[in-house]
Amino acid sequence: MNLRYKLFDHLKNEPFRISHDQELADHQIALKITSMLPPTIDQPIVIFCIGTDRSTGDCLGPLIGSKIIEKGLSHFHVYGTLDEPIHAVNLQDKIEEMKQAYVNPFIIGIDACLGRLKSVGSITIGEGPIKPGAGVNKELTPIGDMHITGIVNVSGFMEFFVLQNTRLSLVMKLADAISNGIYMAEHKYLRKMELDPIEKDRFTL
């Protein structure tokens with residue numbers, strides 16, 4: 001028995017929220033992401049980062065996309081960066097482009113969101129798709145087998161204006177925690193995939 005894999009199984013269906021400034025937040029993010037990834041390395045994993053560089057609050061997604069590309073991922077594929085953001089105008093085209101490029105991808109949707117005052121600065125990870133545009137009352141195509149969101153500001157009043165006036169400092173800190181967590185998750189995931197056959201053989205009589 002490997003307790004680490006038991007931990008992954010336990011974490012898989014649990015709701016997860018962590019503050020960006022909590023100690024070792026990126027390590028906890030990496031553990032949660034790894035626990036939710038597909039059990040076979042043959043399924044492509046796509047990081048789908050949504051947002052625009054024209055809004056401080058809404059630039060979280062493309063900022064994360066740019067940061068993880070700079071880190072040099074070897075297995076995860078990234079859509080949505082500061083240079084090529086994914087937003088309301090091109091979202092559907094980018095979804096179709098991704099589907100043309102990868103067969104049955106496992107998609108991690110990433111976006112900024114608004115929330116309660118006490119939740120600002122928190123990162124949430126869960127199963128199911130991201131719903132882009134929900135914070136500003138837009139109906140856009142949901143995307144993702146799992147989602148990661150960073151709560152950048154307070155919801156409930158003039159959401160578009162609030163996103164435009166979000167502090168870049170907070171967005172940068174959220175992006176650092178999430179991108180570092182994704183980078184660590186890739187290494188943990190590839191290591192787990194390498195060890196699985198060994199563990200299987202070890203306990204086969």
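**Entry 1: Ile-64 and the cores**

I looked up Ile-64 and set aside its neighbours within four places in sequence; Ile-64 is in contact with Cys-49, Ile-110, Ala-175, Ile-178, Ser-179 and Ile-182. Contact here means heavy atoms within 4.5 Å. The model is predicted, so I note that local features need pLDDT of at least 70 and side-chain atom pairs count only at pLDDT 80 or more, while totals for chains, interfaces and linings use all residues. Residues are numbered from 1 along each chain as its sequence is written, and side-chain values use heavy atoms, with hydrogens and water left out.

I then turned to the largest nonpolar core, which has 40 residues. Ile-64 is among the residues with the most contacts inside this core, as are Ile-33, Ile-108 and Ile-148. I took a nonpolar core as a set of buried Ala, Val, Leu, Ile, Met, Phe, Trp, Tyr and Cys residues joined through side-chain atoms within 4.5 Å. Buried means under 20% relative accessible area, exposed over 50%, and partly exposed in between, with a 1.4 Å probe and protein chains only. Helix 6 (residues 168-202) gives the most to this core, with ten residues. I also found a second, separate core of eleven residues, which includes Phe-48, Tyr-79, Ile-95 and Ile-130.

**Entry 2: Tyr-79**

I located Tyr-79 in strand 3. Tyr-79 counts as buried because its relative accessibility is 11%. Beyond its neighbours within four places in sequence, its contacts include Val-46, Phe-48, Ile-86, Met-98 and Tyr-102.

**Entry 3: Helix 4**

I listed the buried residues of helix 4 (residues 91-101) as Leu-91, Lys-94, Ile-95 and Met-98. These residues lie on the same side of helix 4 because they cover an arc of only 105° around the axis; the arc is that of the directions from the helix axis to the C-beta atoms. The face turned away from the buried side carries the exposed residues Asp-93 and Gln-100. The buried residues pack against strand 2 (45-49), strand 3 (76-79) and strand 4 (106-115). Helix 4 lies across these strands and runs at about 170° to strand 2. Axes are lines fitted to C-alpha atoms, for helices over the stretch in contact, and angles run from 0 to 180 degrees between N-to-C directions.

I traced six strands in an open sheet of mixed pairing, in the order 1-5-6-4-2-3. Strand 1 (16-19) and strand 3 are the edge strands, each pairing on one side only. Two strands pair if DSSP finds at least two bridges between them. Strand 4 and strand 6 (residues 146-154) run parallel and are joined by eight bridges. Helix 3 (residues 60-71) lies across strand 2, strand 3, strand 4 and strand 6, at about 135° to strand 2. I counted six helices and six strands in the protein; helices (H or I, at least four residues) and strands (E, at least two) are DSSP runs, numbered from the N terminus.

**Entry 4: Confidence**

I noted an average pLDDT of 86, with 85% of the residues scoring at least 70; pLDDT is the predictor's confidence in each residue, from 0 to 100. Among the elements, helix 1 (residues 3-11) has the lowest mean pLDDT (40) and strand 2 the highest (97).
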